Amino acid sequence: MNSPNIVDPAAGGPGGRSTCALVESTHIGEGCRFGAFSHVMAGCELGAQVDVGSHVVIEPGARIGNRVRIGHGVRVAGSVVLEDDVCVDAQVAFEGPDEDLGGAGGRRSSIVVRQGARIRAHATLCDGVRIGPRARIQAGTVVRRDIPSLAIVEGHPARISGYVD
């Protein structure tokens, strides 16, 4: 078993940020940056030039494409797929099934965020949703259904308020 990497940017590691991140995965692309106190667990995959904010947890099974930005305080569950050029702002929540309401017995279905989508701060994506390419999820939005490509959504529950030009 490989020992985890402690990334300390202040000591010459990637990213130029202070303090340490714990990177256990061996599937990390070139040029990735890790913020303070982040934990990239074994069994997840990160593409090239991924920018991970501070206090981020990326769980086993998560798949993250190239040039993805993950803001501070995000937990990326193992059922999440973030395609290339996705931007996830701070404190976004990726939610699993509600076991009290007869969810899938704790099993998660994938949350997929397609290429170029942007999820603003404090948004919540519920289990199994698909976010279309270049869609925009506004701050604080709760997404319970699939969102088409180029849609701009906001509110609780999410409603389409326009489309990206």
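Author: Buried means under 20% relative accessible area, exposed means over 50%, and partly exposed lies in between (1.4 Å probe, protein chains only). The model is a predicted one, in which local features need pLDDT of at least 70 and side-chain atom pairs count only at pLDDT 80 or more, while totals for chains, interfaces and linings use all residues. Residues are numbered from 1 along each chain as its sequence is written, and side-chain values use heavy atoms, with hydrogens and water left out.

Reader: Why is Arg118 called partly exposed?

Author: Arg118 has a relative accessibility of 30%, and the partly exposed class lies between the buried and exposed cut-offs. Arg118 therefore counts as partly exposed.

Reader: What makes Arg118 and Asp89 a salt bridge?

Author: A salt bridge requires a side-chain nitrogen of Lys or Arg within 4 Å of a carboxyl oxygen of Asp or Glu. The closest N and O atoms of Arg118 and Asp89 are 3.1 Å apart, so the pair meets the definition. The two residues are 29 apart in the chain: Arg118 is in strand S16 (residues 118–119), and Asp89 is in the loop between strand S13 (87–88) and strand S14 (93–94). Strands here are DSSP runs of E with at least two residues, and helices are runs of H or I with at least four, numbered from the N terminus.

Reader: Is Asp89 buried or exposed, and how do you know?

Author: Asp89 has a relative accessible area of 9%; because this is under the buried cut-off, Asp89 is buried.

Reader: Which salt bridge does Asp89 form with Arg120, and what does the pair tie together?

Author: The side chains of Asp89 and Arg120 meet at 3.0 Å, N to O. Arg120 lies in the loop between S16 and strand S17 (124–125), so the pair ties together parts that are 31 residues apart in sequence. Arg120 itself is partly exposed, at 35% relative accessibility. Arg69, Asp89, Arg118 and Arg120 are linked in a network of salt bridges.

Reader: How many salt bridges does a search of the whole structure find?

Author: The search finds seven. One of the salt bridges joins Arg75 and Glu59, with the closest N and O atoms 3.0 Å apart.
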